[in-house]
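Dear colleague,

Please find below the sequence and the structure that I am handing over to you. My notes on what was found follow directly after them.

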Amino acid sequence: MRSVSKYFDGGETVANYKLDLEVEDGEFLVFLGPSGCGKTTALRMIAGLETPSEGEIYFDDDRVDGLAPADRNVAMVFQNYALYPHMNVRENIEYPLKVRGVPPEERDERVAETAELLHIEDQLGSDPAEISGGQRQRTSLARAIVREPSVFLLDEPLSNLDAKLRLEMRSELKRLQNELDITTVYVTHNQEEAMSMGDRIAVMNEGTIRQVAEPQELYKRPQTTWIANFIGSPPMNLFEGTQQNGTLDLREDNTLPMKGETASESVSLGVRPEDLTVSPDAPDSDWTIQGTVETVEPLGEYVLVNVDVAGSLVSVKVPTTDVRPGQHVHLLFEPEDAYLYDGDGMLVA
Amino acid sequence: MSLENDPDGWFDRDVDWEKLKAILVFMVPGLTLFAIFSVYPMVYSVGGSFWVWDAFDPMHFVGLDIWVETFQDEAVINWDNIKELEYPMGALPQNLIWMVIHVPLSTFLGLGLALLFSDLRGRRILRSMVFLAFTTPTVVIGLVLLFVYDPQAGIFNELLRTIGLEGQVRNWLQEPQLSMYALILGGVWVQTGFSMLLYSSALAGIDPSLLESARVDGASRYRRFRDIIWPLVKPVTAVVVIMGMIWVLRIFAIVYAAGGPSGGPNGVYSVLGLEVYQSAFSHPIEYGRAMVVALVELFIALPMAYYIARMD
Amino acid sequence: MTDTPHTDGAAESETGSSRTDGGTRVRYDVPDTAPTDDRDLSTRLVDSLPSAPRAARYAIAIGIALLWLVPLIGLFMASVRPLSEIIQGWWTFENLTITFENYEQAWNYESGPMRQALVNTAIVTIPAVLAVTLLGTMIAYPFARFDFPLKTFLFFLLIIVMAAPPELVAMGNYNTLQDTGLFDTYMGLILVHIGWGMGWVVMFLRNYLLGLPKELEEAARVDGASRYQIFKSIVLPYSAPALVSVAVIQFTWVWNSFFFPLVFMRSQENKLAPQVLPLMKGRLQIDWGLVAAGSVLTMIVPVLLFIVLQRYYKKGMVAAVAD
């Protein structure tokens with residue numbers, strides 16, 4: 001399959017969508033969003049397990065939204081793996097081929113190949129109940145891959161694994177996707193997974209796509225305050241203020257120079273924790289904000305300083321620091337690292 | 001089923017004597033009644049089947065004589081009629097025929113209804129409607145069947161009249177060669193509710209993502225049933241089949257109500273239970289024969305009970 | 001399906017979800033508005049109707065369920081109509097007469113009046129059910145928890161009794177009751193029912209009590225409770241739902257049972273309701289109205305019990321055989 005694209009313009013009555021999205025051929029696209037945002041429903045519509053109440057879905061130029069899942073040549077990995085408990089690993093992997101009437105010799109060959117690719121050759125004779133979580137995961141991946149689908153759908157496949165296995169499977173999945181070059185749609189609520197695996201990320205909330213971008217772009221230029229708040233750990237700091245006459249008034253005497261319209265407008269200013277530095281002395285810059293240190297958390301790799309600015313907490317990530325809780329400090333940043341959002345939360349500059 | 005010790009032996013640490021006394025205090029009242037009214041009469045029947053009885057009192061030991069006599073009794077097994085495939089064939093073959101027809105029918109109907117209702121709104125009400133007959137007394141079931149098959153007032157015959165089969169209208173429970181099947185149909189009517197209930201709960205226990213996964217894998221509705229649902233409800237099928245067989249084996253009140261203690265004209269739909277009752281409690285009283293027939297029932301049921309016990 | 005545009009709700013929950021672990025808590029509106037519903041009511045209504053194949057399934061399902069009820073509906077109809085109309089078919093509704101005469105007749109039926117028979121049935125059923133439930137729990141608890149001599153033997157005994165037909169114990173019990181003078185008494189029948197029901201009740205409760213967390217008992221032991229106190233304050237409350245299931249199922253079985261009363265209750269004033277019903281058939285023309293009224297009176301109790309407690313009934317049924 002070349003140039004897979006799909007397109008919905010759906011207004012799913014319950015989940016309330018209006019999704020518009022095109023996925024490139026061979027691309028690894030991630031749906032990222034908090035639970036209940038509709039990302040799984042979107043995936044299930046692509047799979048054909050749900051029918052969109054409005055809108056159209058295309059694979060290449062073929063409209064598929066009326067087709068049964070069986071006729072779409074999609075493969076799906078479920079959150080709980082959905083391995084058939086009464087079949088052993090081999091039979092599980094073989095099942096999609098069997099259903100499609102692939103002759104036995106070819107089935108054996110392809111099962112063997114896939115098992116090798118996923119390093120589960122030794123488990124082929126075991127029952128799903130006998131193997132470890134990671135192996136179950138691999139089996140379910142194998143079952144999806146074995147019939148060479150044109151679209152590969154993964155619904156939070158790593159969420160049932162422990163932290164170490166998750167890291168391992170993450171790179172494994174990425175490797176597989178690179179090797180097989182299958183268009184992949186991946187659903188997760190874990191932003192690390194999304195950032196590390198996705199070619200592009202579609203951030204979803206409240207049933208709609210908020211931004212589709214490459215991971216770096218998403219991180220650097222989150223288009224709304226919501227995304228800014230959602231991406232990054234700790235997330236971006238947002239300062240509320242009013243913009244007027246070339247200045248930005250944040251609360252409690254913090255004023256920043258700001259070019260722009262003269263109209264008075266409420267805005268928020270976002271700065272990533274790692275773009276802030278903290279200093280006890282007043283620095284020689286206009287781009288500072290004052291606050292009081294609440295806590296200092298040395299986390300090894302960096303130190304997280306939580307600063308109370310006008311009653312709300314601001315996180316600062318610094319390599320080292322000697323500030324103490326209770327100390328009055330200045331937060332310093334470069335103007336190009338700051339993002340300005342208008343009253344509706346849209347990125348302005 | 002595990003019969004082993006409590007694993008950490010926590011309760012075993014104190015002396016057995018005290019524990020045993022406590023256990024006894026708990027178990028003795030119930031077990032006494034169990035022993036007197038269930039175990040003892042069973043043993044009594046086993047022993048008594050080797051004796052000649054003077055009405056209710058054992059006279060003298062005769063070994064297997066009564067067993068042999070019983071199996072030669074036409075009311076139990078009528079070899080001549082079996083060869084002709086004509087009713088009455090005797091209570092034992094009739095009971096087995098009942099089983100062979102009744103169990104698959106009620107099992108598959110139950111599964112079918114469970115599948116049909118599984119994702120409908122109001123399925124609980126639908127299920128209760130089908131299950132209701134199972135909660136009514138079996139005597140009432142027998143009388144209801146009598147009513148349903150009545151040539152004048154019965155709705156079954158009315159149905160035949162409506163679809164233009166006036167010629168077939170008859171009292172279905174008085175037709176020697178057919179009434180057995182008419183009764184079996186009634187039994188299926190009752191027991192389908194039970195197997196449906198068990199299958200419904202088994203279906204509800206299947207992880208929906210398995211079926212979705214099979215759909216994505218390309219399995220048709222039929223393949224999904226054959227490859228996923230059927231293997232997964234297999235344990236329940238075993239239970240449903242066995243319970244159905246035991247239910248048929250114990251059939252008594254339905255037949256009694258529909259055809260009296262003789263089991264229809266000439267005993268054409270007599271079953272083992274009726275045979276026991278007749279031998280033991282109507283003249284001439286043949287206690288030994290009653291015990292033999294009842295033991296035959298037990299022997300048929302025992303392997304099933306053993307299977308169920310092993311399943312846990 | 002609500003008709004309000006989603007914008008408002010979305011804005012609220014977005015504000016609520018803005019995180020406090022970094023950044024100023026900002027109040028903002030939804031940036032890219034969640035889709036408002038641009039579809040009118042009629043499209044939505046049409047969409048919410050089941051699709052054609054699904055509608056057909058509903059029709060079939062309801063049809064079958066009704067079909068299953070037809071014989072019982074017929075029984076009920078017959079019970080409230082005079083015989084002359086029943087003979088014409090209870091399904092015809094021309095000159096429909098509703099009468100309670102059948103019930104009156106059944107209530108005062110000469111060879112076993114229902115008013116007496118129903119009372120007898122209750123007198124036997126209620127104590128038999130309560131006793132078997134309590135005594136059964138008392139056996140099931142040590143059975144599930146402790147080891148004792150002959151446990152496996154007892155286990156198989158219970159299984160055999162569960163499988164055995166009631167006819168098998170009739171002869172022995174008949175003689176026992178005759179010898180003890182309990183024949184044709186309430187007490188005799190009650191005892192037979194208790195002994196007979198013990199098999200499945202113990203197995204059922206044992207399976208249930210296997211799931212009783214050991215920590216509960218151990219905590220109580222550490223707190224100084226005796227075995228009897230543990231039974232009373234831990235085991236019984238824990239098994240309450242199972243006990244209800246057992247009681248409901250056992251109640252219907254004992255109430256509906258026909259064979260035991262037939263054998264052990266002989267005098268007219270001791271007859272139980274199910275026993276009386278076949279007598280009502282009479283010799284020649286069956287008085288359907290009388291039979292139907294008697295049947296309805298007899299079945300009303302277990303059916304109502306099932307309807308009210310069907311959650312327990314179904315759960316118990318499933319657990320009793322599926323475990």
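How many Å separate the centres of domain 1 of chain B and domain 2 of chain B, taken over C-alpha atoms? The separation of these two centres is 31 Å. Before the remaining findings, two remarks on conventions are needed. This is a predicted model, in which local features need pLDDT of at least 70 and side-chain atom pairs count only at pLDDT 80 or more, while totals for chains, interfaces and linings use all residues. Residues are numbered from 1 along each chain as its sequence is written, chains are lettered from A and ligands numbered from 1 in the order in which they are written, and side-chain values use heavy atoms, with hydrogens and water left out.

The two domains of chain B

Chain B is divided into domain 1 (10-69) and domain 2 (70-311); domain bounds come from an automatic or database domain assignment. In chain B, 13 residues of domain 1 are in contact with 15 residues of domain 2, where contact means heavy atoms within 4.5 Å. About 1,200 Å² is buried between these two domains of chain B, and carbon and sulfur atoms give 76% of that area. Buried area here is the accessible area (1.4 Å probe) that two parts lose on being put together, summed over both. On the side of domain 1 of chain B, the residues that lose the most area to domain 2 are F56(B), W67(B) and E69(B), together 44% of what that side buries.

Between domain 1 and domain 2 of chain B, the rule finds zero salt bridges (a salt bridge is a side-chain nitrogen of Lys or Arg within 4 Å of a carboxyl oxygen of Asp or Glu). Across this interface of chain B there are, however, nine residue pairs in polar contact, both residues being at pLDDT 80 or more. A polar contact is a pair of N or O atoms within 3.5 Å; within protein, one must be able to donate a hydrogen and the other to accept it, and residues adjacent in sequence count only if both atoms are side-chain atoms. Helix 1 (16-48) and helix 2 (65-72) of chain B each supply at least two residues of the side of domain 1 that touches domain 2. Helix 1 of chain B gives the largest share of that side, five residues. Helices (H or I, at least four residues) are DSSP runs, numbered from the N terminus. By class, the side of domain 1 of chain B that touches domain 2 has nine nonpolar, three polar and one charged residues. For these classes, Ala, Val, Leu, Ile, Met, Phe, Trp, Tyr, Cys and Pro count as nonpolar, Asp, Glu, Lys and Arg as charged, and the others, Gly among them, as polar.

The interface of chain C and chain B

This contact takes 101 residues from chain C and 103 residues from chain B. Chain C and chain B bury about 9,400 Å² between them, with 75% of it on carbon and sulfur atoms. W68(C), L168(C) and M171(C) supply 8% of the area that chain C buries against chain B, more than any other three residues.

The count of salt bridges between chain C and chain B is two. R54(C) forms a salt bridge with D119(B), and their closest N and O atoms are 3.4 Å apart. The rule also finds 17 residue pairs in polar contact between chain C and chain B (both at pLDDT 80 or more). Helix 3 (residues 52-79) of chain C provides the largest share of the side that touches chain B, 17 residues. That side of chain C divides into 72 nonpolar, 13 polar and 16 charged residues.

The two domains of chain A

Chain A is divided into domain 1 (28-230) and domain 2 (237-280 + 287-341). Their centres, taken over C-alpha atoms, are separated by 40 Å. Ten residues of domain 1 of chain A are in contact with six residues of domain 2 of chain A. These domains of chain A bury about 670 Å² between them, 48% of it on carbon and sulfur atoms.

Yours sincerely
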